Amino acid sequence: MLNGTIQPVLDPKYDFVTNSSKYIVDHDGDGVLERMVKFNRTEAASWICIDLGIEYGNVTLTITGEADGTPFEGTDTVKVLFPGDVDDDGDVDPDDLYLFAGAYGTRLGDAAYNRAADFNEDGSIDPEDLYILAGNYGRTAV
Ligand SMILES: [Ca+2]
Ligand SMILES: [Ca+2]
Ligand SMILES: [Ca+2]
């Protein structure tokens, strides 16, 4: 469970979630095995944004579970990005619009593609992203 609230995704279409030779791996090469788990991104994002009220900044997440009857726990910190905030300073202002305009119309792989301007992370910086930026324009993250 993620922070005691969110259940992991166990859909076998994500190969590693049901395959122990893939979900128990030494991901960072330090000689200690890690257990990989998958959570629904939308569910986790809305929990952070709506339930915790965090729109921007670092959030510490805790994973708890049980392996063969032995409880385990792990924590990590993730950075929460504020949609529209291309320069990552917590607000959406003319600086962000300027950076966004420079990447507008590009796709993943293009030299001018800017991941930070692809707010819906679909590999294309297009009107959908502009709509997201416009929705937060003038706002400061809470
Ligand atoms: Ca490791
Ligand atoms: Ca900004
Ligand atoms: Ca996009």
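Helices (H or I, at least four residues) and strands (E, at least two) are DSSP runs, numbered from the N terminus. By this criterion the protein has 4 helices and 4 strands, and from the N terminus on they follow the order α-β-β-α-β-β-α-α. The radius of gyration, taken over C-alpha atoms and judged by a globule rule of 2.2 Å times the number of residues to the power 0.38, is 18 Å; this is well over the 14 Å that the rule gives for 142 residues, so the protein is more spread out than a compact globule. Its C-alpha trace spans about 55 × 35 × 30 Å along the principal axes.

The structure is a predicted model, in which local features need pLDDT of at least 70 and side-chain atom pairs count only at pLDDT 80 or more, while totals for chains, interfaces and linings use all residues. Residues are numbered from 1 along each chain as its sequence is written, and chains are lettered from A and ligands numbered from 1 in the order in which they are written. The predictor's confidence in each residue, pLDDT, runs from 0 to 100; the protein averages 93, and 100% of the residues score at least 70.

An automatic or database domain assignment supplies the domain bounds. The protein is divided into domain 1 (15-80) and domain 2 (94-136), and the C-alpha centres of the two domains lie 28 Å apart. Across the protein, 9% of the 142 residues count as buried. A residue is buried if 20 or more other C-beta atoms lie within 10 Å of its own, exposed if 12 or fewer, and partly exposed in between, with C-beta atoms placed from the backbone. Two residues are in contact if their C-beta atoms, likewise placed from the backbone, lie within 7 Å. Of the contacts with a separation of 6 or more, 42% are made by residues 24 or more positions apart.

Asparagine 3 lies in the segment before H1 and has a positive phi of about 50° although it is not a glycine. Most residues other than glycine have a negative phi. Asparagine 3 is partly exposed, with 17 other C-beta atoms within 10 Å. Glutamine 7 also has its place in the segment before helix H1 (20-23). With 11 other C-beta atoms within 10 Å, glutamine 7 is exposed. Its C-alpha atom is separated by 14 Å from that of methionine 36, which is 29 residues away along the chain.

Helix H2 (residues 41-51) is hardly covered, as the count of buried residues among its 11 residues is 0. Glycine 53 follows H2 and has a positive phi, near 70°.

Two strands pair if DSSP finds at least two bridges between them; strand S3 (residues 57-67) and S4 run antiparallel and are joined by 11 bridges. In S4, threonine 70 is the bridge partner of alanine 67, and phenylalanine 72 is that of glycine 65. The hairpin has 2 residues between the strands, and aspartate 68 takes a positive phi near 50° there. S4 is hardly covered, with a count of 0 buried residues among its 11. Glutamate 73 lies in this strand (residues 70-80) and is exposed, with 8 other C-beta atoms within 10 Å. Apart from residues up to four places away in sequence, glutamate 73 touches Thr62, Ile63 and Thr64. From glutamate 73 to proline 127 the C-alpha distance is 42 Å, at a sequence separation of 54 residues.

The loop between S4 and H3 holds aspartate 88. Although it is not a glycine, aspartate 88 has a positive phi of about 55°. Aspartate 88 is exposed, with 12 other C-beta atoms within 10 Å.

The final topic is the nonpolar core, defined as a set of buried Ala, Val, Leu, Ile, Met, Phe, Trp, Tyr and Cys residues joined through C-beta atoms within 7 Å. The largest such core has 7 residues: Val86, Val92, Phe100, Ala117, Phe119, Ile125 and Leu133. Leaving aside neighbours within four places in sequence, phenylalanine 119 is in contact with Pro83, Gly84, Asp129, Ile132 and Leu133.
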